[in-house]
There are 2 protein chains.
Amino acid sequence: MGGLLSEEARRDALAGLAGWSEAADGKALNRTFTFRDFNEAFGFMTRAALAAEKSDHHPDWRNVYKTVEVSLSTHDAGGVTARDVALAQVMNEIAMRLGV
Amino acid sequence: MGGLLSEEARRDALAGLAGWSEAADGKALNRTFTFRDFNEAFGFMTRAALAAEKSDHHPDWRNVYKTVEVSLSTHDAGGVTARDVALAQVMNEIAMRLGV
């Protein structure tokens, strides 16, 4: 899946990823999703979990009631790769279908 | 569902809750569960989410691959109540069935 994205490649990717930003050290992509309630938040997580498992690339995420804070990083590579961008896109699509 | 548990009541409850400990300020119950892989960790979360939703009492939790860090607190009451103890027990039962 290739290695670390350059700063420029990350900037280009983020331009197409609504709601995502870079960690201060540039080593992760972060977004906090806010849903209507726990049911929706966990529904989002369930769909995202299936996608993550299928691609064998998993998020670091925290859920508190209707919010889901996500951080994506490729630990083997020590930062952001195309796999993180791909999972961020999938998460945005899932959230969009839920009206977020 | 009653109010905040006293320090003594929390200590009694924790004595029956394998793996759980109190936050430094006594306002939450914490446990980190470690499973075999993401499939098991998210399976645990899914069962716990259904139980949480049914009782309308939800965890603050973070998942990183095969680990699930849980913090339970009753925000309306400002700390630990019987509802947190009940959810902690349910989570332990779910984890135990998964062999954890």
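These legends go with close-up views of a predicted model.

**View 1. Where chain A meets chain B.** Let us start at the meeting place of the two chains. Here 15 residues of chain A are in contact with 15 residues of chain B. About 1400 Å² is buried between chain A and chain B, and 63% of that area comes from carbon and sulfur atoms. Look for A:Phe38, A:Phe42 and A:Trp61: they supply 34% of the area that chain A buries against chain B, more than any other three residues.

**View 2. The side of chain A that touches chain B.** Across this interface there are four residue pairs in polar contact. On the side of chain A that touches chain B, helix H2 (38-54) and strand E3 (60-64) of chain A are the elements that give two or more residues. H2(A) makes the largest share, with seven residues. Sorted by class, this side of chain A has eight nonpolar, four polar and three charged residues.

**View 3. Two strands side by side.** Now find E3(A) and strand E3 (residues 60-64) of chain B, which pair in the antiparallel sense over five bridges. In this pairing, A:Trp61 stands opposite B:Asn63 in E3(B).

**View 4. Salt bridges between the chains.** How many salt bridges are there between chain A and chain B? The count is two. In one of them, A:Asp60 pairs with B:Arg62, and the closest N and O atoms are 2.5 Å apart. Another links the side chains of B:Asp60 and A:Arg62, also with 2.5 Å from N to O. Because B:Asp60 lies in strand E3 of chain B and A:Arg62 in strand E3 of chain A, this pair joins two chains. B:Asp60 is buried, with a relative accessible area of 19%, whereas A:Arg62 is partly exposed at 32%. Salt bridges that share partners also join A:Asp60, B:Arg62 and B:Glu69 into one network.

**View 5. A salt bridge along a helix.** In chain A, A:Arg11 forms a salt bridge with A:Glu7, with the closest N and O atoms 3.2 Å apart. A:Arg11 and A:Glu7 are four residues apart in helix H1 (residues 7-15) of chain A, so about one helical turn separates them. Are these two residues buried or exposed? Both A:Arg11 and A:Glu7 are exposed.

View 6. Finally, meet A:Glu40 and A:Arg36, whose side chains form a salt bridge (2.7 Å, N to O). A:Glu40 counts as buried because its relative accessibility is 15%, while A:Arg36 is exposed, with a relative accessible area of 57%. Over all chains, the structure holds 10 salt bridges.

Notes
Residues are numbered from 1 along each chain as its sequence is written. Chains are lettered from A and ligands numbered from 1 in the order in which they are written. This is a predicted model: local features need pLDDT of at least 70, side-chain atom pairs count only at pLDDT 80 or more; totals for chains, interfaces and linings use all residues. Side-chain values use heavy atoms; hydrogens and water are left out. Contact means heavy atoms within 4.5 Å. Buried area is the accessible area (1.4 Å probe) that two parts lose on being put together, summed over both. A salt bridge is a side-chain nitrogen of Lys or Arg within 4 Å of a carboxyl oxygen of Asp or Glu. A polar contact is a pair of N or O atoms within 3.5 Å; within protein, one must be able to donate a hydrogen and the other to accept it, and residues adjacent in sequence count only if both atoms are side-chain atoms. Ala, Val, Leu, Ile, Met, Phe, Trp, Tyr, Cys and Pro count as nonpolar, Asp, Glu, Lys and Arg as charged, and the others, Gly among them, as polar. Two strands pair if DSSP finds at least two bridges between them. Buried means under 20% relative accessible area, exposed over 50%, partly exposed in between (1.4 Å probe, protein chains only).
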